[in-house]
Amino acid sequence: MPFLHIAVLTIIQGITEFLPVSSSGHLVLVPLVTGWEDQGLVMDVAVHVGTLAAVLFYFSPDLWRILLGWVGGHWRRRDRQLGRALGFYVVLSSVPVIVAGGLLYVMGYAVLRDPEVVAWATIGFGILLYAFDRIGLTVRRVEHMTLGHAFLIGLFQVLALIPGASRSGVTMTAARWLGYERPEAARFSMLMSIPVIGASGAVAGYEVWNRGDPVLTANAALAAALSFVVALFAIAVLLALLRRMSFTPFVIYRLLLGGAVLVWLYDLV
């Protein structure tokens, strides 16, 4: 794969993974717009693994808190309880999509890698994000997470298996519906991505290992490294923006993108 192709994939993935605009949908559209050969699911997952590393790095204080909550230490009892609970909620919220994703992997994921699916999902779930962002209160933080809330957000995450829906978008939509502040909705969404991307990365890694293709392995490693750098920047920018604005600009982008793809596909101009 040419370096330009890898660079485009990593920039798109690194920027869009944590924005509520669907990174997988953008990756599906890359071959349509550029005329390049579809990069395939393994490369898609490789750039996702790079963004996973960015989450681990950026949210290391939260992860350290979870670890100490599980293994104990000299923290105050309440801090240990909060850390343990946060870790449990992250794991619980990931169960539905890991189960559904495993079933879809066995059945064949390619059926959803369709630009028309991406376009309609981009528009539909964008409208849903706008509606829930408008009606949702802004009174809760991650520390207020409950068992029911974590599982409900996890159920929403299953919808992210539809390219164009956006994993971060649907989880933030659910969190806003439940009254979580926008930066806190984004924070929990990113923490939720750790088990999910880790699981998909393990599956892709197994595929690469079985193929024994050193070129594919090198391409995947380079893509992961570059997406890590871009994703770190994107996380910081997103959290800063959500402290001062709503999700409306992202919704407008989704509507414009989905509409443009439909116009192109249906040859309306």
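Student: What percentage of the 269 residues of the protein chain count as buried?

Tutor: Buried means under 20% relative accessible area, exposed means over 50%, and partly exposed lies in between (1.4 Å probe, protein chains only). Here, 50% of the 269 residues count as buried. This is a predicted model, in which local features need pLDDT of at least 70, side-chain atom pairs count only at pLDDT 80 or more, and totals for chains, interfaces and linings use all residues. Residues are numbered from 1 along each chain as its sequence is written, and side-chain values use heavy atoms, with hydrogens and water left out.

Student: How many helices and strands are there in the protein chain?

Tutor: Both are DSSP runs, numbered from the N terminus: helices are H or I with at least four residues, strands are E with at least two. The protein chain has 11 helices and 0 strands. The radius of gyration is 18 Å, close to the 18 Å that the globule rule gives for 269 residues, so the chain is as compact as a globular protein of that length. That radius is taken over C-alpha atoms, and the rule is 2.2 Å times the number of residues to the power 0.38. Along its principal axes, the C-alpha trace spans about 60 × 45 × 35 Å.

Student: Among contacts between residues at least 6 apart in sequence, what percentage join residues at least 24 apart?

Tutor: Contact means heavy atoms within 4.5 Å. Of the contacts between residues at least 6 apart in sequence, 81% join residues at least 24 apart.

Student: How many aromatic pairs does a search of the whole structure find?

Tutor: Rings of Phe, Tyr and Trp (its six-membered ring) pair if their centres lie within 6.5 Å. Planes under 30 degrees apart count as stacked, over 60 as edge-to-face, and the rest as tilted. The search finds 6 aromatic pairs. One of them joins F156 and W177: it is tilted, 6.1 Å centre to centre, with 45° between the planes.

Student: Where do F156 and W177 lie?

Tutor: F156 lies in helix α7 (residues 147-158) and W177 in helix α8 (residues 167-177), so the pair ties together parts 21 residues apart in sequence. F156 is buried, at 15% relative accessible area. W177 is partly exposed, at 41%. Ring pairs also bring in F132, linking F132, F156 and W177 into a cluster.

Student: How are the rings of F247 and F250 placed?

Tutor: Their centres are 6.5 Å apart and their planes at 50°, so the pair is tilted. F247 is buried, with a relative accessible area of 0%. F250 counts as buried too, at 9%.

Student: Where is Q81 found?

Tutor: Q81 is found in helix α5 (residues 77-107). Q81 is partly exposed, at 36% relative accessible area. Q81 and R65 are 16 residues apart in sequence and 9.8 Å apart in space, C-alpha to C-alpha.
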